[in-house]
Amino acid sequence: MRPAFEKPSLLQRMIPLFRGFDGPLLLAVLILAALGLTTMYSAGFDHGTRFVDHARNMLLAAGILFVVAQIPPQRLMALAVPLYALGVALLVATALIGITKKGATRWLDLGVVIQPSEILKIAMPLMLAWWFQRREGQVRALDFIVALLILAVPVGLIVKQPDLGTAILVLAAGLFVIFFAGLPWKLIAPVVAVAVIAIAVLVLSGDAICQPDVKWPMLRDYQKNRVCTLLDPTTDPLGKGFHIIQGMIAIGSGGITGKGFMKGTQTHLEFIPERTTDFIFAAYSEEFGLIGCVVLLLGFLFLIVRGLMIASEAPNVFTRLLAGSITLSFFTYAFVNMGMVSGILPVVGVPLPFISYGGTAMVILGLGLGILMSIAKSRRLVQG
């Protein structure tokens, strides 16, 4: 005789955890992950265990995505202030007692060595989205000023380390929230105008202001050298300009269809520096060519468009601002990485999502995607 109530199987108990997952977002992630694994197998073929480690990092990110997707957005909002406060406190501790490597103080030894600035990549959009949620319907100019101060404190501490790449990513994540919150164009336009003028002056007078005896305010010498090298990498082709020159050669040599999988000469003859991390896009372009680059760009475009759709359908200010910021942060990662490898932006330490090697970057990626999935999932369950 069968019991009146049968114990559900493991599969039956797991199904509700996946209910409400956003299919298009998951498809975009799978496409980019497949491209990342394929690229890493070739670029890291004679580079130790990079491919195996990259696959492990992806599984870790997938686990984080799954766990975070189960957390309702309301609970994420409750974490905003504590996580931001923790991140800033750790940045202050890093400035005081941090570990210095190669002239940069970015790490903190708490029994386990961590890089506190990574926390702010998620904590910053959480905090600012929380701030504007509390002021829903009554946002004033003063609220934007406070938001900029909330953003400026950790960004200033990160720049001081110095870590320009991470500072750009944290700054962008915060500015996206402020923009989506309704920052008036009359405040945006002057900043854009000043930036355009500064770039024009830099390009037109590059030779004069790049002289060794000319100091740039707020920038260290190595940061100045990166900008000057971008303007003319041939001034030091075997030194400061080597990265950019070899990256452009690899991208150009790929042509329309590429040299083929595992057949990239610039990659496998080790002309491309950091070919599994910051400059992996050059290795990808050499082997898969223009067609491969278009496929990769379409993959990122698919992810970004779907993320913005999730943001537009989000139920409240907090989730809308958070989803929009995280989505455009992925755009920032991709744009800055591809730009620096292609020679249109200065070289900074920004990885290419899913493609570049790096455990910390993959964890942050999993967190961001998990939050997006949580927002999409909560919306679908409410509609259901």
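Axes are lines fitted to C-alpha atoms, for helices over the stretch in contact, and angles run from 0 to 180 degrees between N-to-C directions. On that basis, helix 5 (residues 80-97) runs at about 110° to strand 2 and lies across strand 1, strand 2 and strand 3. The model is predicted.

**Overall fold**

- The protein chain contains 16 helices and three strands.
- Its radius of gyration is 22 Å, close to the 21 Å that the globule rule gives for 384 residues, so the chain is as compact as a globular protein of that length.
- The C-alpha trace of the protein chain spans about 85 × 55 × 45 Å along its principal axes.

- The three strands form an open sheet with antiparallel pairing, in the order 1-2-3.
- Strand 1 (99-101) and strand 3 (113-114) are the edge strands, each pairing on one side only.
- Strand 2 (residues 104-109) runs antiparallel to strand 1, and three bridges join the two.
- Lysine 101 has alanine 104, in strand 2, as its bridge partner.

**The largest pocket**

- The space in the largest pocket amounts to about 1800 Å³.
- Its lining comprises 41 residues, and those nearest its centre are Ile168, Leu171, Leu175, Ala195 and Ile199.
- At least two lining residues come from each of helix 7 (141-160), helix 8 (164-180), helix 9 (185-204), helix 11 (221-231) and helix 15 (317-342).
- Helix 9 provides the largest share of this lining, with 10 residues.
- Classified by residue type, the lining of the largest pocket consists of 38 nonpolar, two polar and one charged residues.

**The second largest pocket**

- The volume of the second largest pocket is about 1300 Å³.
- This pocket is lined by 41 residues, with Arg106, Arg226, Asp278, Val348 and Gly349 the closest to its centre.
- Two or more lining residues are given by each of strand 2, helix 6 (117-134), helix 8, helix 11, helix 12 (242-253) and helix 16 (359-383).
- The lining of the second largest pocket divides into 13 nonpolar, 15 polar and 13 charged residues.

**Elements named for both pockets**

- Helix 8 and helix 11 each supply at least two residues to the lining of the largest pocket, and each also gives two or more residues to that of the second largest pocket.
- Strand 2, which is joined to strand 1 by three bridges, likewise gives two or more residues to the lining of the second largest pocket.

Notes: Residues are numbered from 1 along each chain as its sequence is written. This is a predicted model: local features need pLDDT of at least 70, side-chain atom pairs count only at pLDDT 80 or more; totals for chains, interfaces and linings use all residues. Side-chain values use heavy atoms; hydrogens and water are left out. Two strands pair if DSSP finds at least two bridges between them. Helices (H or I, at least four residues) and strands (E, at least two) are DSSP runs, numbered from the N terminus. Contact means heavy atoms within 4.5 Å. On a 1 Å grid over the protein atoms alone, a cavity is a set of points where a 1.4 Å probe fits but cannot get out, and a pocket is an open set with protein on both sides within 12 Å along at least five of seven lines; lining residues have an atom within 4 Å of a point. Grid points are joined across faces, edges and corners, and a volume is the space filled by probe spheres set on the points. Ala, Val, Leu, Ile, Met, Phe, Trp, Tyr, Cys and Pro count as nonpolar, Asp, Glu, Lys and Arg as charged, and the others, Gly among them, as polar. The radius of gyration is taken over C-alpha atoms; the globule rule is 2.2 Å times the number of residues to the power 0.38.
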